[in-house]
Amino acid sequence: MKMETRNFPDLNALSRAALAELLRIAQEAVEQRGRFAIALSGGHTPTKLYALWAEAGKHERPMPWGRVHLFWGDERCVPWDDPLSNYRTARETLIEHVPIPVANVHPMAADLPQPEKAAEAYESELRKFFGGEPPAFDLQLLGLGVEGHTASLFPGSPALEEKRRWVAAVEVAAKPPRRLTLTPVVLNSGRNTLFLVSGSAKRSIMAALRKEPDSKPSQYPAGRIRPAGNVLWLLDSSAES
Ligand code: 6PG
């Protein structure tokens with residue numbers, strides 16, 4: 001699969017480069033559309049970026065936090081203060097450290113007893129913010145699982161074939177199994193997408209993605225996210241095949 005990649009010696013360098021891209025995209029979005037809407041990814045890889053963003057937001061070219069809107073690409077169905085919560089991770093590394101208005105933070109209500117209802121509620125929140133069209137996030141951050149998942153779209157998931165809904169409640173082969181995820185309807189509308197991939201555990205899935213022909217749909221969810229907008233893969237040397 002053809003991919004635009006940039007390689008970095010380690011996760012710190014990768015995160016600094018991701019921050020530079022984020023700040024550039026944020027400035028362009030605020031200038032052109034009056035706001036910067038970003039879909040955050042979960043997992044461990046982006047936490048360094050979030051901490052760097054919180055730090056940079058205080059100094060260089062202070063972020064117009066009143067114009068920044070945080071959304072999530074996926075969320076685990078756990079309480080918000082659970083260590084497995086993607087919201088909790090972003091709150092601890094970023095949100096608590098910056099003056100972003102509460103109304104600009106749009107977490108998925110993944111702790112609701114009925115995930116399907118939470119998925120519908122999040123789609124309504126997206127519609128309220130973006131209007132009727134599938135939302136084009138100014139930036140969507142995505143990670144890569146060792147078996148090729150991204151957001152909480154896992155291999156074989158029916159959500160991969162979703163053509164209408166923007167958010168799906170899914171059961172996945174990972175801990176915790178119940179999650180909410182943006183569907184390809186949204187993720188394939190993004191203006192800018194950054195995949196952040198770090199660690200030797202991701203080496204073989206990166207090699208598998210690279211080996212795939214562009215002529216047919218990828219067998220991996222991450223390979224199925226092919227928005228018309230810019231897609232950039234940031235890899236550290238241990239993930240580079
Ligand atoms: C999640 C993420 C998921 C993540 C990958 C990589 O909720 O788990 O959104 O898609 O990005 O699993 O996770 P690591 O960064 O921890 O390797």
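Tutor: Two strands pair if DSSP finds at least two bridges between them. Helices (H or I, at least four residues) and strands (E, at least two) are DSSP runs, numbered from the N terminus. This is a predicted model, where local features need pLDDT of at least 70, side-chain atom pairs count only at pLDDT 80 or more, and totals for chains, interfaces and linings use all residues. Residues are numbered from 1 along each chain as its sequence is written, and side-chain values use heavy atoms, with hydrogens and water left out.

Student: How many bridges join S4 to strand S7?

Tutor: Three bridges join S4 to S7 (residues 178-182). Pairing needs at least two, so S4 and S7 pair. They run antiparallel. In this pairing, Asp 74 has Thr 181 of S7 as its bridge partner.

Student: In which order do the strands of the open sheet stand?

Tutor: The order is S4-S7-S6, with antiparallel pairing. S4 (74-76) and S6 (167-171) each have a single partner strand, so they stand at the edges, with one side left without a neighbour in the sheet. On average, neighbouring strands are turned by 20 degrees against each other, direction ignored.

Student: What lies across S6 and S7?

Tutor: Helix H4 (residues 115-130) does, at about 155 degrees to S6. Angles run from 0 to 180 degrees between N-to-C directions, and axes are lines fitted to C-alpha atoms, for helices over the stretch in contact.

Student: At what angle do helix H2 and helix H3 pack?

Tutor: H2 (residues 47-56) and H3 (residues 86-93) pack at about 35 degrees, their axes 8 Å apart. Which residues touch? From H2 come Thr 47, Tyr 50, Ala 51 and Ala 54; from H3, Thr 89, Ala 90 and Thr 93. Contact means heavy atoms within 4.5 Å.

Student: Which classes line the second largest pocket?

Tutor: Two nonpolar, six polar and three charged residues. Among the lining residues are Pro 83, Leu 84, Arg 76, Lys 175 and Arg 179.

Terms used. 1 Å grid on protein atoms, 1.4 Å probe; cavity = no way out; pocket = protein on both sides within 12 Å on 5 of 7 lines; lining within 4 Å. Nonpolar A, V, L, I, M, F, W, Y, C, P; charged D, E, K, R; others polar.
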